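Dear colleague,

Here is the structure I said I would pass on. My notes on its aromatic rings follow below.

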Amino acid sequence: MPLKKTLRGLLLLPALALLAGCNAVLLHPEGDVALQQRDLIIVSLGLMLLIVIPVIALTLFFAWRYRARNTQASYDPEWHHSTMLELMIWAAPLLIIIALGALTWVSTHKLDPYRPLDQLSKGRPVAAGTRPLVVEVVALDWKWLFFYPEQGIATVNELAAPVDRPIEFRITATNVMNSFFIPSLAGQIYAMPGMETKLNAVINKAGEYEGFSANFSGDGFSGMRFKFHGMSDQDFDAWVQQARKSSETLSVDTYQHLEQPSEREPIHFYASVAPGLYDAILNNCVAAAQKCADSMMGFASDAGTKAPDMHAMMPSGDAAHADAAVAHDAMSMPMPAASESKSAPAAAPSGHTP
């Protein structure tokens with residue numbers, strides 16, 4: 001018998017070794033939004049355990065106390081009601097449900113991903129006039145494309161943001177639904193073709209964090225990961241300058257090549273981006289012959305009217321090809337980097353409005 005116990009213990013050692021390497025990032029996040037979500041999980045679990053633990057304990061106690069061999073336990077076949085027992089059975093779960101409902105109601109509004117942040121961390125409100133860092137996110141097959149409209153750059157599979165500066169993510173996808181998730185920053189939110197979702201978050205500690213898709217999207221799903229860097233303001237500015245020194249520009253033709261399915265795409269930096277490219281991706285009209293979705297919806301926006309026949313309204317023959325070519329050429333012109341454009345606004349330092 002001792003030998004069997006020893007062998008059983010030895011078999012558990014590899015499992016314990018594997019568990020020792022686990023990084024419970026959801027329980028140790030570095031972003032305020034993720035931290036509040038962690039606290040919500042812990043409080044909700046604690047409230048539920050208030051009823052679960054007593055029920056399990058009493059079940060075991062009753063099974064032992066009234067076992068067949070215990071002849072000392074009282075037996076009352078005529079018993080049918082106890083006001084005190086009924087009160088305990090119904091009152092305790094009801095109070096816990098009320099508490100969970102109130103907590104859920106408050107947290108649902110406070111942690112709404114579309115809601116701008118009102119604090120950087122506990123006890124540190126966002127200063128009035130602080131402008132968030134806008135990052136436009138596109139889920140491709142099977143990689144992530146990030147636009148920085150304020151800085152005039154774009155990156156593939158690498159994301160960075162200054163510490164303690166609010167970030168506003170605008171998220172879409174090109175083909176199939178994905179899920180944008182940086183566990184240490186905030187909860188996951190879906191990326192869907194033809195739609196834009198938003199996520200407001202902040203990172204409170206410099207470091208390198210994992211980001212990935214949490215929704216299966218095909219063959220290359222397992223490699224659809226990226227690095228998120230929390231940086232000081234100076235390091236973030238240096239990171240932006242590194243991107244601006246890239247020899248690559250994200251024109252329409254470059255994007256259409258990038259859009260093709262590929263697995264484990266290496267990190268790319270683009271020093272400039274074609275004007276309006278993100279909006280064209282969002283509205284599914286990057287190709288020259290495509291009509292933008294927001295333009296088509298605009299035809300039906302007049303009160304009481306329905307959308308006219310698009311084929312009848314579009315120019316025909318050579319005129320149609322000429323219009324498409326003009327639109328495509330305009331989109332193909334790369335936007336000059338912010339450092340080269342006199343009209344481009346300078347990047348605002350963290351916590352200040354230019």
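Phenylalanine 146 and phenylalanine 226 are both buried in this predicted model. The structure holds 16 aromatic pairs, and these two residues make one of them: their ring centres are 5.2 Å apart and their planes meet at 65°, so the pair is edge-to-face. The pair joins distant parts of the chain, since phenylalanine 146 belongs to strand S4 (residues 143-148) and phenylalanine 226 to strand S12 (residues 225-231), 80 residues apart. Both phenylalanines also belong to one aromatic cluster, together with Trp144, Phe169 and Phe180.

Strand S4 also contains tyrosine 148. Tyrosine 148 forms an edge-to-face pair with tryptophan 239, with 5.4 Å from centre to centre and 65° between the planes. Tryptophan 239 is in helix H4 (residues 233-244), so this pair ties together parts that lie 91 residues apart in sequence. Are the two partners buried or exposed? Tyrosine 148 has a relative accessibility of 1% and therefore counts as buried. Tryptophan 239 is buried as well, with a relative accessible area of 4%; the cut-off for buried is under 20%.

Two arginines are placed over aromatic rings. Arginine 225 lies over the face of phenylalanine 212, at 5.0 Å from the ring centre. Arginine 65 lies over the face of tyrosine 66, and there the distance to the ring centre is 5.5 Å.

Regards

Notes:
Residues are numbered from 1 along each chain as its sequence is written. This is a predicted model: local features need pLDDT of at least 70, side-chain atom pairs count only at pLDDT 80 or more; totals for chains, interfaces and linings use all residues. Side-chain values use heavy atoms; hydrogens and water are left out. Rings of Phe, Tyr and Trp (its six-membered ring) pair if their centres lie within 6.5 Å; planes under 30 degrees apart count as stacked, over 60 as edge-to-face and the rest as tilted. Helices (H or I, at least four residues) and strands (E, at least two) are DSSP runs, numbered from the N terminus. Buried means under 20% relative accessible area, exposed over 50%, partly exposed in between (1.4 Å probe, protein chains only). A charge sits over a ring if NZ of Lys or CZ of Arg is within 6 Å of the ring centre and within 35 degrees of the ring normal.
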